[in-house]
Amino acid sequence: DRGTVDILNSGHAGKISLGSSTDSLNAHADVLKVGAFGSNGTLNVGRGTLSADYTLQLYATGSKGNINFIDNVTIGGGSFTIIAGDTVTISDGKTVTVNGARADVYTGFTARGVPHANYTGFGGNGSTTGTFGGAGANNPQPIGNAPPFDRPPGG
């Protein structure tokens, strides 16, 4: 039993960094949940592997919450891979390889309907050359549609 890994920061400008461009982080659990929930919360994901047998959730759902993939990384949940942030960015030239379930992405949108999905392909706005690989990602949905962080999707 690998249990649940649950990392939270609810400070106004709370920041969580998982790995960097020089150091790797490898984490595996049945359920892996990481949330930077302050209004200006930031979740930075660097190199390494974040995987879950069932559900992987990466959240920064504050009004100016950011999820930044700053290096090549492998992520994935066996049943659900959920990325929910007002803005989701994959840095130029970097790839987020998704294993298991195709990633569900939830972001904010501009008044003109452009998602705050700063990556190329998979419904991103093309503002960076970063992209998803592997199983890829579904086109972004409104952040208000993201499943609750504290319950399994569909539960």
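Here is a tour, stop by stop.

**Before you click**

This is a predicted model, in which local features need pLDDT of at least 70 and side-chain atom pairs count only at pLDDT 80 or more, while totals for chains, interfaces and linings use all residues. Residues are numbered from 1 along each chain as its sequence is written, and side-chain values use heavy atoms, with hydrogens and water left out.

**Stop 1: the sheet**

Switch to cartoon view and look for five strands forming an open sheet with parallel pairing, in the order 2-4-6-9-12. Strands here are DSSP runs of E, at least two residues long, numbered from the N terminus, and two of them pair if DSSP finds at least two bridges between them. Strand 2 (15–18) and strand 12 (117–118) are the edges: each has a single partner strand, so one side of each is left without a neighbour in the sheet. Now select 42–45 and 66–69, which are strand 4 and strand 6, paired in the parallel sense over four bridges. For one of the links, pick Asn-44, whose bridge partner in strand 6 is Asn-68.

**Stop 2: the nonpolar core**

Show side chains for Leu-43, Leu-50, Leu-58, Phe-69, Ile-83 and Phe-132, the residues with the most contacts inside the largest nonpolar core, which has 28 residues. Such a core is a set of buried Ala, Val, Leu, Ile, Met, Phe, Trp, Tyr and Cys residues joined through side-chain atoms within 4.5 Å. Buried means under 20% relative accessible area, exposed means over 50%, and partly exposed is in between (1.4 Å probe, protein chains only). Strand 5 (residues 48–60) gives this core its largest share, five residues.

Which residues does Leu-58 touch, not counting residues up to four places away in sequence? They are Val-34, Leu-43, Leu-50, Ile-67, Phe-69, Ile-82, Ile-83 and Ala-84, where a contact means heavy atoms within 4.5 Å.

**Stop 3: Thr-81**

Next, click Thr-81 in strand 8 (residues 80–85). Is Thr-81 buried or exposed? Its relative accessibility is 1%, so Thr-81 counts as buried. Follow its side chain to the backbone oxygen of Ala-101, reached at 3.2 Å. Beyond four places in sequence, Thr-81 also touches a set of residues including Leu-56, Ile-75, Val-98 and Asp-104.

**Stop 4: Tyr-119 and its rings**

Move to Tyr-119, in the loop between strand 12 and strand 13 (131–134). Tyr-119 counts as buried because its relative accessibility is 0%.

Now for the rings: the structure holds six aromatic pairs. Rings of Phe, Tyr and Trp (its six-membered ring) pair if their centres lie within 6.5 Å; planes under 30 degrees apart are stacked, over 60 edge-to-face, and the rest tilted. The rings of Tyr-119 and Phe-132 have centres 5.0 Å apart and planes at 85°, so this pair is edge-to-face. Phe-122 and Phe-132 are edge-to-face too, at 6.1 Å centre to centre and 85° between the planes. Phe-132 counts as buried, at 3% relative accessibility, while Phe-122 is partly exposed at 27%. Check the backbone of Phe-122 as well: phi is near 55°, a positive value in a residue other than glycine.

**Last stop: an aromatic cluster**

Finish by selecting Phe-37, Tyr-59 and Phe-149, which form one aromatic cluster.

Methods:
Polar contact = N/O pair within 3.5 Å; in protein donor to acceptor, adjacent residues only side chain to side chain.
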